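Here is a short report on one protein chain.

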Amino acid sequence: MMDEDLVKVFLWKKPSIEVLGDEKVNKIGNFKHYIGFEISGYVHIGTGIVSGYKIIDSSRIGEATVFLADWHSMINNKLGGDIEVIRRVAEGYFSEAMKQSIKSLGGDPDRVKFVLASDIYDNDYWSEVIKIGKNTTLNRTLRAITIMGRLANDAVPSAYLIYPLMQAADIIFQKINIAHAGLDQRKAHVIALEYADKIDYPLIAMHQQLITNLQLSIETFQKLKQGNKREAKQELSELKMSKSIVGSAIFVHESSDEIKEKINKAFCPMKELEFNPIWEMIEYLIFRNQENYGLLKLLLERGYKIEEIAGKLDYDTYDKLKDENRLNWERIYEYANKESNELYKSTFEDIEFEIINGKTGERKVYNRLWELRKDWIDGKIHPLDLKKAVGDWLASKLEPIHKYFTEGPGRRYKEELDSVKITR
């Protein structure tokens, strides 16, 4: 079994931005991970790549499961609410897209279980839904409807009320101890966590960064900058990539030309880090193996003094220090390497990321995220040059998936989904 400290580091590895209950690691013998997905159409990089990286992390510390939520998809009227179509797409295009994404990122899809909700729901499952409902207030459930991309005050079907309870039951019923999702699913996980505490069940919730809508408007961006960014990430469905907003998302099966064109047109305000989809791809994907918050927590617990941090470290403090580039990561990693070479290797990877100045032709290779961040916030890198570098990286990662769905066995699955989307 992996060392408890290393498990915590893996839980906090980017694109994780929140882990609730990581202190329970020592109460768990065998780690069982789960992430559930509605089946709503093409798989974009927020699902295949952002989630894919955390699925791979979880497969390395225990059992990883991708849950194909067909009943949830029907309740939320995905793919016309046709349960048979949803199931075919779930076990066809969607599963294949996830497996190929995991493979393209260096993971092993054979180490990941794919579970269709319909195959496991039985009387015991539904009794779990009822138990959780009896231990959850109506107000809490109503507030959690936002996990569906809906507002609690909308004129919504009453079936929506059981959706958050089902999501919590999916976790408890399958004896999951690492519940994984985007930050927008936090409210459903809180219901599960509160119920788990009542029955003395050790549960950890791991939430990942959501990549911002590529077509975010400057007006929305300005409002977001003035508000609470954590609340915005949970509540605003228009903030994240969406299949229904043209140009807002990159799909994992797209060609290099399509990917680069979308990246070139993407929102990327100069010098900005927050709510900037291009920078988010750099921070949470390309350089995901640098600047691990879990490592900082661990070093502080062991008595290491970080001069920039006064008192207890929480993620919001870390996030602010990180964005201001005020953490001396060279020194932190030097100390981590002396403390534990295994810990160091688990939290740091040397990167080569080249940016070419479109005007002068000057080439600069960045090996450290904090050096790239400094040049970006200092205005030394033009957004178009940053976009080109990100587009090249992403197109390279997704090229095997594109070939699989255009020249390989995946072609029939995508054609099936194409026909569904045309006729429905």
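E18 sits in strand β1. Strands (E, at least two residues) and helices (H or I, at least four) are DSSP runs, numbered from the N terminus. The model is predicted: local features need pLDDT of at least 70, side-chain atom pairs count only at pLDDT 80 or more, and totals for chains, interfaces and linings use all residues. Residues are numbered from 1 along each chain as its sequence is written, and side-chain values use heavy atoms, with hydrogens and water left out.

**E18 and its partners**

E18 counts as buried because its relative accessibility is 8%. Buried means under 20% relative accessible area, exposed means over 50%, and partly exposed lies in between (1.4 Å probe, protein chains only). Which side chains does the side chain of E18 contact? The table gives two polar contacts. A polar contact is a pair of N or O atoms within 3.5 Å; within protein, one must be able to donate a hydrogen and the other to accept it, and residues adjacent in sequence count only if both atoms are side-chain atoms.

| Side chain | Partner side chain | Polar contact |
|---|---|---|
| E18 | R186 | 2.9 Å |
| E18 | H207 | 2.6 Å |

Two strands pair if DSSP finds at least two bridges between them. Opposite L20 stands A205 of β6.

Strand β7 (residues 353-356) has two faces. F353 and I355 form the covered one, E354 and I356 the uncovered one. β7 pairs with strand β8 (residues 363-366) over 4 bridges, in the antiparallel sense. I356 has R363 as its bridge partner in β8. Between the two strands of this hairpin lie 6 residues, and G361 takes a positive phi near 80°.

**The whole chain**

The protein chain has 20 helices and 8 strands. Of its 424 residues, 57% are buried. Its C-alpha atoms fill a box of roughly 60 × 50 × 40 Å along the principal axes.

Among contacts with a separation of 6 or more, 77% come from residues 24 or more positions apart. Contact means heavy atoms within 4.5 Å.
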